[in-house]
Amino acid sequence: MTLIELKGVEKIYQQGKIEVPALKGIDLTVETGEFTTIFGPSGSGKTTLLNMIGCLDKPTAGQITFDQRELGGISKKELALIRRYNIGFVFQSYNLIPVLTAFENVEFAVRLVNNRNDKERRQIVLNILAAVGLEGLENRRPNELSGGQKQRVAIARALVKEPKLILADEPTANLDSKTSIEILEIMVKMNQQLKTTFIFSTHDPQVMEYASRLIEIRDGEVSIDQKGEKAGVYS
Ligand code: ADP
Ligand code: MG
(Lines give C-alpha, C1' and ligand atoms only; values in the text may rest on other atoms or scores of the structure.)
(Ligands and ions follow the chains in the order given, each with its own letter.)
Protein backbone atom coordinates (compact mmCIF):
# COMPACT_ATOMS: atom_id res chain seq x y z
CA MET A 1 0.00 0.00 0.00
CA THR A 2 1.17 3.49 -0.77
CA LEU A 3 2.09 5.46 2.35
CA ILE A 4 3.48 8.63 0.82
CA GLU A 5 3.15 10.17 -2.59
CA LEU A 6 4.89 13.33 -3.77
CA LYS A 7 3.95 14.93 -7.07
CA GLY A 8 5.96 17.78 -8.50
CA VAL A 9 7.10 18.92 -5.07
CA GLU A 10 9.12 22.12 -5.09
CA LYS A 11 10.55 24.09 -2.22
CA ILE A 12 12.00 27.53 -2.56
CA TYR A 13 13.48 29.17 0.52
CA GLN A 14 13.45 32.90 0.72
CA GLN A 15 16.71 34.29 2.02
CA GLY A 16 16.23 38.02 2.16
CA LYS A 17 15.74 38.93 -1.48
CA ILE A 18 17.35 35.77 -2.76
CA GLU A 19 15.34 32.68 -3.66
CA VAL A 20 17.02 29.38 -2.87
CA PRO A 21 15.43 26.50 -4.81
CA ALA A 22 16.00 23.47 -2.55
CA LEU A 23 13.65 20.98 -4.27
CA LYS A 24 12.91 21.19 -7.98
CA GLY A 25 9.97 18.96 -8.75
CA ILE A 26 10.18 15.72 -6.80
CA ASP A 27 7.95 12.79 -7.82
CA LEU A 28 8.17 9.93 -5.37
CA THR A 29 6.02 7.10 -4.05
CA VAL A 30 6.90 5.23 -0.87
CA GLU A 31 5.12 1.99 -0.01
CA THR A 32 4.34 0.80 3.51
CA GLY A 33 7.20 -1.24 4.95
CA GLU A 34 9.98 0.20 2.80
CA PHE A 35 13.47 0.76 4.20
CA THR A 36 14.69 3.60 2.08
CA THR A 37 17.71 5.84 2.14
CA ILE A 38 17.95 9.31 0.68
CA PHE A 39 21.53 10.16 -0.06
CA GLY A 40 23.39 12.95 -1.69
CA PRO A 41 26.01 15.57 -0.91
CA SER A 42 25.54 18.25 1.69
CA GLY A 43 23.13 20.91 0.44
CA SER A 44 21.41 18.61 -2.08
CA GLY A 45 18.03 18.86 -0.34
CA LYS A 46 17.85 15.76 1.90
CA THR A 47 16.70 17.55 5.04
CA THR A 48 14.23 19.67 3.08
CA LEU A 49 12.73 16.54 1.53
CA LEU A 50 12.44 14.77 4.89
CA ASN A 51 10.82 17.87 6.37
CA MET A 52 8.21 17.84 3.60
CA ILE A 53 7.47 14.14 4.05
CA GLY A 54 7.37 14.62 7.83
CA CYS A 55 4.81 17.42 7.67
CA LEU A 56 7.27 19.79 9.34
CA ASP A 57 7.11 22.22 6.45
CA LYS A 58 4.93 22.79 3.40
CA PRO A 59 6.11 22.74 -0.21
CA THR A 60 6.08 25.87 -2.36
CA ALA A 61 4.42 23.86 -5.16
CA GLY A 62 3.25 20.31 -5.74
CA GLN A 63 1.23 17.78 -3.79
CA ILE A 64 1.97 15.47 -0.90
CA THR A 65 -0.34 12.64 0.10
CA PHE A 66 0.26 10.87 3.40
CA ASP A 67 -1.69 7.69 4.10
CA GLN A 68 -4.36 8.59 1.53
CA ARG A 69 -4.68 12.15 2.79
CA GLU A 70 -3.76 15.12 0.65
CA LEU A 71 -1.88 17.56 2.85
CA GLY A 72 -2.22 20.66 0.72
CA GLY A 73 -5.30 22.24 2.21
CA ILE A 74 -4.96 21.26 5.84
CA SER A 75 -4.14 23.47 8.80
CA LYS A 76 -0.92 23.54 10.83
CA LYS A 77 -2.79 22.05 13.76
CA GLU A 78 -3.98 19.08 11.70
CA LEU A 79 -0.47 18.61 10.31
CA ALA A 80 0.82 18.49 13.88
CA LEU A 81 -1.71 15.79 14.73
CA ILE A 82 -0.74 13.72 11.69
CA ARG A 83 2.87 14.00 12.84
CA ARG A 84 2.12 13.13 16.41
CA TYR A 85 0.22 9.93 15.67
CA ASN A 86 1.95 8.70 12.54
CA ILE A 87 5.54 9.80 12.35
CA GLY A 88 8.58 9.27 14.55
CA PHE A 89 11.68 11.41 14.10
CA VAL A 90 15.33 10.57 14.69
CA PHE A 91 17.93 13.32 14.37
CA GLN A 92 21.66 13.50 13.90
CA SER A 93 22.07 15.21 17.28
CA TYR A 94 19.65 12.86 19.12
CA ASN A 95 17.50 15.69 20.58
CA LEU A 96 16.86 13.94 23.89
CA ILE A 97 15.59 15.88 26.88
CA PRO A 98 18.74 16.21 29.04
CA VAL A 99 17.05 16.22 32.47
CA LEU A 100 15.05 13.06 31.76
CA THR A 101 16.38 9.51 32.00
CA ALA A 102 16.34 7.15 29.02
CA PHE A 103 13.13 5.65 30.41
CA GLU A 104 11.50 9.05 30.91
CA ASN A 105 12.49 10.30 27.45
CA VAL A 106 10.68 7.35 25.89
CA GLU A 107 7.77 7.47 28.32
CA PHE A 108 7.20 11.13 27.54
CA ALA A 109 6.64 10.27 23.87
CA VAL A 110 4.17 7.50 24.60
CA ARG A 111 2.18 9.65 27.03
CA LEU A 112 1.38 12.02 24.17
CA VAL A 113 -0.37 9.40 22.10
CA ASN A 114 -2.09 6.88 24.29
CA ASN A 115 -3.91 6.71 27.55
CA ARG A 116 -2.70 3.42 28.93
CA ASN A 117 -2.47 3.03 32.67
CA ASP A 118 0.88 3.52 34.40
CA LYS A 119 1.69 -0.15 34.66
CA GLU A 120 0.99 -0.90 31.00
CA ARG A 121 2.90 2.15 29.85
CA ARG A 122 5.89 1.19 31.96
CA GLN A 123 5.97 -2.25 30.37
CA ILE A 124 5.72 -0.83 26.86
CA VAL A 125 8.66 1.50 27.53
CA LEU A 126 10.79 -1.23 29.11
CA ASN A 127 10.08 -3.57 26.20
CA ILE A 128 11.08 -1.08 23.54
CA LEU A 129 14.25 -0.08 25.44
CA ALA A 130 15.19 -3.77 25.68
CA ALA A 131 14.47 -4.20 21.95
CA VAL A 132 17.02 -1.51 21.08
CA GLY A 133 19.59 -3.04 23.45
CA LEU A 134 19.35 -0.69 26.42
CA GLU A 135 18.28 -3.09 29.15
CA GLY A 136 19.86 -1.99 32.43
CA LEU A 137 20.50 1.58 31.25
CA GLU A 138 16.94 2.83 31.67
CA ASN A 139 17.78 5.20 34.50
CA ARG A 140 20.71 6.96 32.86
CA ARG A 141 20.41 10.51 31.67
CA PRO A 142 21.66 11.42 28.17
CA ASN A 143 24.99 12.76 29.50
CA GLU A 144 25.65 9.33 31.02
CA LEU A 145 25.20 7.56 27.69
CA SER A 146 27.48 7.19 24.63
CA GLY A 147 26.45 8.62 21.27
CA GLY A 148 25.30 5.22 20.06
CA GLN A 149 23.29 4.65 23.24
CA LYS A 150 21.68 8.08 22.91
CA GLN A 151 20.66 7.25 19.35
CA ARG A 152 19.17 3.97 20.57
CA VAL A 153 17.05 5.96 23.04
CA ALA A 154 15.97 8.25 20.21
CA ILE A 155 14.97 5.25 18.08
CA ALA A 156 13.04 3.77 21.01
CA ARG A 157 11.34 7.12 21.52
CA ALA A 158 10.37 7.26 17.85
CA LEU A 159 9.11 3.66 17.82
CA VAL A 160 7.21 3.60 21.09
CA LYS A 161 4.15 5.29 19.70
CA GLU A 162 4.01 2.69 16.91
CA PRO A 163 4.13 5.20 14.07
CA LYS A 164 3.54 4.25 10.45
CA LEU A 165 6.74 6.01 9.45
CA ILE A 166 10.13 6.82 10.96
CA LEU A 167 12.18 9.58 9.42
CA ALA A 168 15.83 9.71 10.40
CA ASP A 169 17.93 12.63 9.20
CA GLU A 170 21.58 11.52 9.09
CA PRO A 171 21.10 9.36 12.19
CA THR A 172 24.69 8.10 12.16
CA ALA A 173 26.52 11.28 11.20
CA ASN A 174 27.95 11.73 14.71
CA LEU A 175 28.81 8.07 15.26
CA ASP A 176 31.89 5.96 14.52
CA SER A 177 31.51 3.33 11.81
CA LYS A 178 31.05 0.33 14.12
CA THR A 179 28.32 2.12 16.08
CA SER A 180 26.72 3.32 12.85
CA ILE A 181 26.36 -0.29 11.70
CA GLU A 182 24.81 -1.26 15.06
CA ILE A 183 22.26 1.54 14.76
CA LEU A 184 21.39 0.51 11.19
CA GLU A 185 21.02 -3.11 12.29
CA ILE A 186 18.52 -2.04 14.97
CA MET A 187 16.58 -0.06 12.40
CA VAL A 188 16.52 -3.04 10.02
CA LYS A 189 15.33 -5.31 12.84
CA MET A 190 12.52 -2.93 13.77
CA ASN A 191 11.53 -2.52 10.13
CA GLN A 192 11.27 -6.30 9.80
CA GLN A 193 9.57 -7.00 13.15
CA LEU A 194 7.14 -4.11 13.33
CA LYS A 195 6.79 -3.40 9.59
CA THR A 196 7.47 0.26 10.32
CA THR A 197 8.40 2.21 7.19
CA PHE A 198 11.81 3.87 7.49
CA ILE A 199 13.29 6.69 5.45
CA PHE A 200 16.73 7.84 6.48
CA SER A 201 19.20 10.21 4.94
CA THR A 202 22.93 9.74 4.89
CA HIS A 203 26.02 10.47 2.89
CA ASP A 204 27.87 7.48 4.28
CA PRO A 205 28.23 4.68 1.66
CA GLN A 206 28.59 2.08 4.41
CA VAL A 207 25.22 3.10 5.86
CA MET A 208 23.33 3.34 2.57
CA GLU A 209 24.20 -0.28 1.86
CA TYR A 210 21.62 -1.31 4.43
CA ALA A 211 18.73 0.21 2.54
CA SER A 212 16.51 -1.78 0.22
CA ARG A 213 15.85 1.33 -1.83
CA LEU A 214 18.34 4.04 -2.71
CA ILE A 215 17.19 7.47 -3.72
CA GLU A 216 19.89 9.94 -4.62
CA ILE A 217 19.10 13.59 -4.77
CA ARG A 218 21.37 16.08 -6.41
CA ASP A 219 20.67 19.73 -6.54
CA GLY A 220 17.06 19.27 -5.47
CA GLU A 221 16.24 16.56 -8.00
CA VAL A 222 16.03 12.77 -7.83
CA SER A 223 19.00 11.46 -9.84
CA ILE A 224 18.90 7.76 -8.87
CA ASP A 225 16.01 5.65 -7.58
CA GLN A 226 16.89 2.02 -7.26
CA LYS A 227 15.20 -0.87 -5.45
CA GLY A 228 16.79 -4.15 -4.49
CA GLU A 229 16.84 -6.90 -1.88
CA LYS A 230 19.67 -5.03 -0.24
CA ALA A 231 20.85 -2.53 -2.77
CA GLY A 232 24.52 -2.18 -1.87
CA VAL A 233 25.49 -0.65 -5.18
CA TYR A 234 28.20 1.34 -3.49
CA SER A 235 29.94 -1.56 -1.80
P1 ADP B 1 21.00 18.64 2.85
O2 ADP B 1 20.17 18.16 4.01
O3 ADP B 1 21.10 17.64 1.73
O4 ADP B 1 22.36 19.08 3.28
P5 ADP B 1 19.18 20.90 2.82
O6 ADP B 1 17.83 20.36 2.54
O7 ADP B 1 19.50 21.26 4.22
O8 ADP B 1 20.28 19.91 2.20
O9 ADP B 1 19.41 22.20 1.94
C10 ADP B 1 19.10 22.29 0.54
C11 ADP B 1 19.38 23.71 0.07
O12 ADP B 1 18.45 24.60 0.68
C13 ADP B 1 20.76 24.24 0.41
O14 ADP B 1 21.17 25.06 -0.64
C15 ADP B 1 20.53 25.02 1.67
O16 ADP B 1 21.48 26.06 1.80
C17 ADP B 1 19.13 25.59 1.43
N18 ADP B 1 18.37 25.79 2.69
C19 ADP B 1 18.02 24.85 3.58
N20 ADP B 1 17.30 25.35 4.60
C21 ADP B 1 17.18 26.69 4.33
C22 ADP B 1 16.53 27.78 4.98
N23 ADP B 1 15.85 27.60 6.11
N24 ADP B 1 16.64 29.01 4.41
C25 ADP B 1 17.29 29.19 3.25
N26 ADP B 1 17.92 28.21 2.59
C27 ADP B 1 17.88 26.96 3.10
MG1 MG C 1 20.64 17.83 5.99
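Visitor: At roughly what angle do the axes of helix H3 (residues 102-111) and helix H5 (residues 147-159) cross?
Guide: In this predicted model, the axes of H3 and H5 (lines fitted to C-alpha atoms, with angles from 0 to 180 degrees between N-to-C directions) come within 8 Å. Their crossing angle makes H3 roughly parallel to H5, a description kept for angles under 35 degrees. The angle at which H3 and H5 cross is roughly 25 degrees.

Visitor: How should I read the numbering and the values here?
Guide: Residues are numbered from 1 along each chain as its sequence is written, while chains are lettered from A and ligands numbered from 1 in the order in which they are written. Local features need pLDDT of at least 70 and side-chain atom pairs pLDDT 80 or more, totals for chains, interfaces and linings use all residues, and side-chain values use heavy atoms, without hydrogens and water.

Visitor: How far apart are the axes of H5 and helix H6 (residues 177-194)?
Guide: H5 and H6 pack at an angle of about 20 degrees, and that makes H5 roughly parallel to H6. The distance between the axes of H5 and H6 is 10 Å.

Visitor: How are H3 and H4 oriented to each other?
Guide: The axes of H3 and helix H4 (residues 118-131) come within 10 Å and cross at roughly 120 degrees. With that angle, H3 and H4 are therefore oblique.

Visitor: How much of the accessible area of ligand 1 does the protein cover?
Guide: An oxygen atom of ligand 1 lies 3.2 Å from a backbone N or O atom of Ser-44, and an oxygen atom of the ligand is 2.8 Å from a side-chain N or O atom of Thr-47. For Thr-48, a polar side-chain atom lies 2.5 Å from an oxygen atom of ligand 1. On its own, ligand 1 has 550 Å² of accessible area (Shrake-Rupley method, 1.4 Å probe), of which the protein covers 65%.

Definitions and conventions
Polar contact = N/O pair within 3.5 Å; in protein donor to acceptor, adjacent residues only side chain to side chain. Helix = DSSP H or I, 4+ residues; strand = E, 2+ residues; numbered from the N terminus. Parallel < 35°, antiparallel > 145°, perpendicular 65-115°, else oblique.
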